[in-house]
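The sequence and structure come first.

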Amino acid sequence: MELRYTVIDPTKNITLLVTSPVPRDVQPRVAAELLRREKDAEQVGFAEGLAAGKPRLQMMGGEFCGNATMSMAAWLHRDLPVGEECALTLPVSGAPEPVACQITHIDGCFIGTVAMPLPERIESLSLPVYGVMQSLPVVFLPGICHVIVPADMIGRDRAEETLRGWSALLPAEAMGLLLLEEDQAAFTPLVYVKPTDSCVWERGCGSGSASIGAWLTAVRGADQCVSLRQPGGVIQVVTRVGEDGRLTSLTITGTVHLGETKRAQILL
């Protein structure tokens with residue numbers, strides 16, 4: 001199978017966007033092979049429906065990803081003149097409804113804003129950390145859940161082992177462990193995707209950023225506008241709450257750099 005894919009950099013969360021048709025049942029295997037070849041890549045998305053003019057993003061594990069969503073939106077509008085912006089909606093795996101995006105082309109890159117799906121729920125769950133049960137907030141987004149952990153609670157050397165253990169306890173196909181320094185508005189994300197059995201320290205995580213924004217909104221009971229530092233840069237999260245105090249809007253904004261388009265021969 002010969003594939004075309006583009007290397008895209010949304011806040012250093014290097015994403016491979018496959019633009020050749022790939023049957024859904026072999027996408028996890030294709031993704032695993034591409035990740036093996038592209039050492040800097042952190043995830044793979046598949047642009048479906050291009051020939052029919054009905055683009056859709058399918059992530060490698062069926063999860064939802066905000067960074068990949070803005071990446072595909074920028075790729076679809078890669079010919080947008082500098083200084084102009086456009087709005088679109090894009091069906092994405094893990095999201096119950098098409099996702100609204102806005103793309104602005106500035107000199108050398110794109111600025112992308114994605115209206116994230118609202119959390120299905122936010123719960124405090126008792127999870128094992130070094131053999132001791134700890135109460136930790138878990139944000140369940142469609143297709144992925146994130147556990148928010150104080151940065152000094154788990155060492156990086158034990159984080160992957162801990163997250164893989166939690167994945168057996170939680171139903172999501174993808175999940176993250178977010179090491180949060182709340183006073184610094186900074187976090188480090190580790191994301192595990194079950195179908196590809198991949199566990200990656202991501203340099204930027206859109207759904208993780210959204211999860212922290214949603215959790216802060218629930219804790220503080222008010223709109224939030226926070227710029228969250230991650231190893232690859234900053235993602236801005238903006239939330240809005242209604243009169244009843246419930247979350248009504250959740251957006252992330254980041255930068256997207258379109259890189260090289262490549263070809264690959266993959267034997268299945």
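## Overall dimensions

In this predicted model, 53% of the 268 residues of the protein count as buried. The secondary structure comes to 4 helices and 16 strands. Among the contacts with a separation of 6 or more, 56% are between residues 24 or more positions apart.

The C-alpha atoms fill a box of roughly 50 × 40 × 30 Å along the principal axes. The radius of gyration is 18 Å, and this agrees with a compact globule because a chain of 268 residues would then have a value near 18 Å.

## Nonpolar cores

The largest nonpolar core has 66 residues, and Leu-34 and Val-44 have the most contacts inside it. Helix α2, residues 66-76, gives the largest share of this core, with 6 residues. A second core is separate and has 20 residues, including Leu-127, Val-129, Leu-136 and Leu-177.

Which residues does Val-44 touch, leaving aside those up to four places away in sequence? Its partners are Leu-16, Val-18, Ala-31, Leu-34, Leu-35, Met-59 and Met-60.

Rolling a probe the size of a water molecule over the atoms shows where empty space is left. By the rule used here, the count comes to 1 cavity of 30 Å³ or more. The space in the largest cavity is about 120 Å³.

The lining of the largest cavity has 17 residues, of which Gln-43, Glu-63, Val-191, Val-193 and Glu-202 are the closest to its centre. Two or more lining residues come from each of the elements β12 (186-193), β13 (198-201) and α4 (206-220). By class, the lining divides into 9 nonpolar, 5 polar and 3 charged residues.

## Thr-104

Thr-104 is found in strand β6, which covers residues 99-106. Is Thr-104 buried or exposed? Thr-104 counts as buried because its relative accessibility is 18%, and the cut-off for buried is under 20%.

Not counting residues up to four places away in sequence, Thr-104 touches Glu-84, Glu-85, Cys-109, Phe-110 and Ile-111.

Conventions. Residues are numbered from 1 along each chain as its sequence is written. This is a predicted model: local features need pLDDT of at least 70, side-chain atom pairs count only at pLDDT 80 or more; totals for chains, interfaces and linings use all residues. Side-chain values use heavy atoms; hydrogens and water are left out. A nonpolar core is a set of buried Ala, Val, Leu, Ile, Met, Phe, Trp, Tyr and Cys residues joined through side-chain atoms within 4.5 Å. Buried means under 20% relative accessible area, exposed over 50%, partly exposed in between (1.4 Å probe, protein chains only). Contact means heavy atoms within 4.5 Å. On a 1 Å grid over the protein atoms alone, a cavity is a set of points where a 1.4 Å probe fits but cannot get out, and a pocket is an open set with protein on both sides within 12 Å along at least five of seven lines; lining residues have an atom within 4 Å of a point. Grid points are joined across faces, edges and corners, and a volume is the space filled by probe spheres set on the points. Ala, Val, Leu, Ile, Met, Phe, Trp, Tyr, Cys and Pro count as nonpolar, Asp, Glu, Lys and Arg as charged, and the others, Gly among them, as polar. The radius of gyration is taken over C-alpha atoms; the globule rule is 2.2 Å times the number of residues to the power 0.38.
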